[in-house]
Amino acid sequence: MVNINALLFDLDGVLVSTETNHYLAWKAIAQELGVPFTEHDNESLKGISRADSLKKILGKGGLTISNEEFDRLMTKKNNYYLASIAEINQSKLLPGVKELLILAKERRIKMAVGSSSKNAKFILEKLNIQQYFDAVIDGNDVQIPKPNPEVFLKGASALNSLPIECIVFEDAQSGVEAALAGNFNVIGVGNPALKNVVTHYLNDLTEFSIDNYAQLIRN
Ligand code: B16
Ligand code: MG
């Protein structure tokens with residue numbers, strides 16, 4: 001039996017509740033572009049990079065813009081987003097996160113973050129949980145974003161673990177696809193739509209038991 005020895009966490013939607021902040025920032029940009037944008041539309045942006053998100057919104061509106069305008073809108077979206085999380089603190093950690101990080105650290109289980117966000121390291125510091133992670137791989141560290149497995153492969157490599165020795169926790173379809181493409185064990189978290197695509201699903205991390213984690217994956 002394979003020994004699970006590492007946990008890889010997505011950030012937005014798994015560790016911290018920031019997806020509404022991303023949604024509202026993109027909604028403001030979509031409004032400026034005159035493109036209708038609902039929470040349902042936002043589902044397909046979860047886990048994907050900032051640039052790919054803007055491309056999707058432009059595609060929905062059938063719009064083509066210059067590179068300069070593209071960069072301006074990316075910056076504007078990020079400024080909206082950063083303003084909305086300026087006061088972020090541990091109250092935005094999702095249920096079960098802090099308890100799991102503490103317990104896993106006590107048990108010396110290796111942990112990393114694998115996020116598409118270029119703000120990941122900043123957010124981890126604001127939340128004061130960066131010290132739990134042996135590695136943080138984010139949108140600044142990859143050539144190809146989720147659903148490509150690069151972010152998780154780099155995370156596993158930084159932990160000296162093989163993908164089959166890791167559990168990836170993900171809330172987004174793109175992230176689940178990335179984990180499966182990299183041959184990781186994956187647990188879907190906090191997004192009922194994932195129940196159709198993952199074998200193991202948790203409403204939140206309070207439902208994850210370290211003592212049963214190997215069995216959870218292998219059964
Ligand atoms: P940024 P994750 C992803 O983070 C978010 O789910 C997604 O909504 C966001 O567009 C993406 O990061 C890029 O974020 O604009 O901050 O670089 O879920 O992979 O942790
Ligand atoms: Mg996510």
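Which residues in α3 meet which residues in α4? The first legend below gives the reply. The model is predicted: local features need pLDDT of at least 70, side-chain atom pairs count only at pLDDT 80 or more, and totals for chains, interfaces and linings use all residues. Residues are numbered from 1 along each chain as its sequence is written, chains are lettered from A and ligands numbered from 1 in the order in which they are written, and side-chain values use heavy atoms, with hydrogens and water left out.

**View 1. Helix α3 against helix α4.** Helices and strands are DSSP runs (H or I, at least four residues, for helices; E, at least two, for strands), numbered from the N terminus. Arg 50, Ala 51, Leu 54, Lys 55 and Leu 58 in α3 meet Phe 70, Leu 73, Met 74, Lys 77 and Asn 78 in α4, where contact means heavy atoms within 4.5 Å. These contact residues divide into 6 nonpolar, 1 polar and 3 charged. Here Ala, Val, Leu, Ile, Met, Phe, Trp, Tyr, Cys and Pro count as nonpolar, Asp, Glu, Lys and Arg as charged, and the others, Gly among them, as polar. Helix α3 (residues 50-61) packs on α4 at an angle of about 110°, with the axes 10 Å apart. Axes are lines fitted to C-alpha atoms, for helices over the stretch in contact, and angles run from 0 to 180 degrees between N-to-C directions. The two helices, α3 and α4, are therefore roughly perpendicular to each other; angles under 35 degrees count as roughly parallel, over 145 as roughly antiparallel, 65 to 115 as roughly perpendicular and the rest as oblique.

**View 2. Helix α1 against helix α4.** Helix α1 (residues 19-33) and helix α4 (residues 67-84) pack at an angle of about 140°, and their axes are 9 Å apart. Therefore α1 and α4 are oblique to each other, and their crossing is right-handed. The contact of α1 with α4 comprises 8 nonpolar, 3 polar and 4 charged residues.

**View 3. Helix α1 against helix α3.** An angle of about 40° separates α1 and α3, whose axes are 11 Å apart. Helices α1 and α3 are therefore oblique to each other, with a right-handed crossing. Trp 26, Ile 29, Ala 30 and Leu 33 of α1 touch Arg 50, Ser 53, Leu 54, Ile 57 and Leu 58 of α3. This group divides into 7 nonpolar, 1 polar and 1 charged.

**View 4. The interface between the domains.** The protein is divided into domain 1 (6-17 + 89-218) and domain 2 (19-84), with bounds from an automatic or database domain assignment. Their C-alpha centres lie 24 Å apart. In this interface, 15 residues of domain 1 are in contact with 13 residues of domain 2. The domains bury about 1000 Å² between them, 45% of it on carbon and sulfur atoms; buried area is the accessible area (1.4 Å probe) that two parts lose on being put together, summed over both.

**View 5. Backbone details in two loops.** The peptide bond from Lys 146 to Pro 147 is cis, with omega near 15°. Pro 147 belongs to the loop between β3 (135-137) and α7 (150-158). Arg 108, a residue other than glycine, has a positive phi near 60°, and Arg 108 lies in the loop between α5 (97-106) and β2 (110-114).

Notes
Left-handed = near helix turned anticlockwise from the far one by under 90°.
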